[in-house]
Amino acid sequence: IENDINFGVDVIYDRSEILMTSVIIEDPSDFNQQKLSKTFSIKPRVSYSFTTYVTGDFYYNYILTENKTTGSTEERDIGFNIRIKIKG
């Protein structure tokens with residue numbers, strides 16, 4: 001039996017902003033900020049191959065979100081996946 005262990009991590013940072021104005025402006029700093037959203041996510045994972053036909057991984061996902069409407073929120077997720085290859 002050949003066993004493989006792989007380690008990985010996904011890191012995501014996203015920032016989105018909506019600026020608006022009702023008049024013609026010359027300086028970009030004159031825009032009004034309507035929406036602002038920031039998200040940071042980190043997801044470390046461990047993958048393991050039990051056999052050629054069975055693989056799986058275990059992960060932990062941490063997400064931090066901040067926006068003008070709801071403020072700051074944190075999410076944590078832990079889980080595993082199992083994949084079984086069927087050959088026919």
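Strands are DSSP runs of E with at least two residues, and helices are runs of H or I with at least four; both are numbered from the N terminus. The model is predicted: local features need pLDDT of at least 70, side-chain atom pairs count only at pLDDT 80 or more, and totals for chains, interfaces and linings use all residues. Residues are numbered from 1 along each chain as its sequence is written, and side-chain values use heavy atoms, with hydrogens and water left out.

**View 1. T65 in strand β3.**
T65 lies in strand β3. Its relative accessible area is 17%. T65 is therefore buried (buried means under 20% relative accessible area, exposed over 50%, partly exposed in between; 1.4 Å probe, protein chains only). Neighbours within four places in sequence are set aside here. T65 then contacts K38, T39, G71, S72 and T73 (contact means heavy atoms within 4.5 Å).

**View 2. E74 in strand β4.**
E74 is placed in strand β4. With a relative accessible area of 45%, E74 is partly exposed. E74 touches Y62, I63 and L64, residues up to four places away in sequence not being counted. V54 is 20 residues from E74 along the chain, and their C-alpha atoms are separated by 33 Å.

**View 3. The R83–D57 salt bridge.**
R83 and D57 form a salt bridge, with 2.9 Å between the closest N and O atoms (a side-chain nitrogen of Lys or Arg within 4 Å of a carboxyl oxygen of Asp or Glu). R83 belongs to strand β4 (residues 71-84) and D57 to strand β3 (residues 54-67), so the pair ties together parts 26 residues apart in sequence. R83 has 40% relative accessibility and counts as partly exposed. D57 has 11% and counts as buried.

**View 4. The R45–D10 salt bridge.**
A salt bridge joins the side chains of R45 and D10, at 3.3 Å from N to O. This pair links distant parts of the chain. R45 sits in strand β2 (residues 32-49) and D10 in strand β1 (residues 4-20), 35 residues apart. R45 is partly exposed, at 28% relative accessibility. D10 is partly exposed, with a relative accessible area of 33%.

**View 5. The E17–R15 salt bridge.**
E17 pairs with R15 in a salt bridge. Their closest N and O atoms are 3.3 Å apart. E17 counts as partly exposed at 36% relative accessibility. R15 counts as partly exposed at 42%. The search of the whole structure finds 4 salt bridges.

**View 6. The whole chain, for orientation.**
The protein chain has 0 helices and 4 strands. From the N terminus on, its elements run β-β-β-β. The C-alpha atoms fill a box of roughly 70 × 25 × 20 Å along the principal axes. The radius of gyration is 22 Å, whereas a compact globule of 88 residues would have one near 12 Å (taken over C-alpha atoms; the globule rule is 2.2 Å times the number of residues to the power 0.38). Of the 88 residues, 12% count as buried. Among contacts with a separation of 6 or more, 48% come from residues 24 or more positions apart. The chain exposes about 7300 Å², with carbon and sulfur atoms supplying 55% of it (Shrake-Rupley method, 1.4 Å probe; for residues, only the protein chains shown count as cover).
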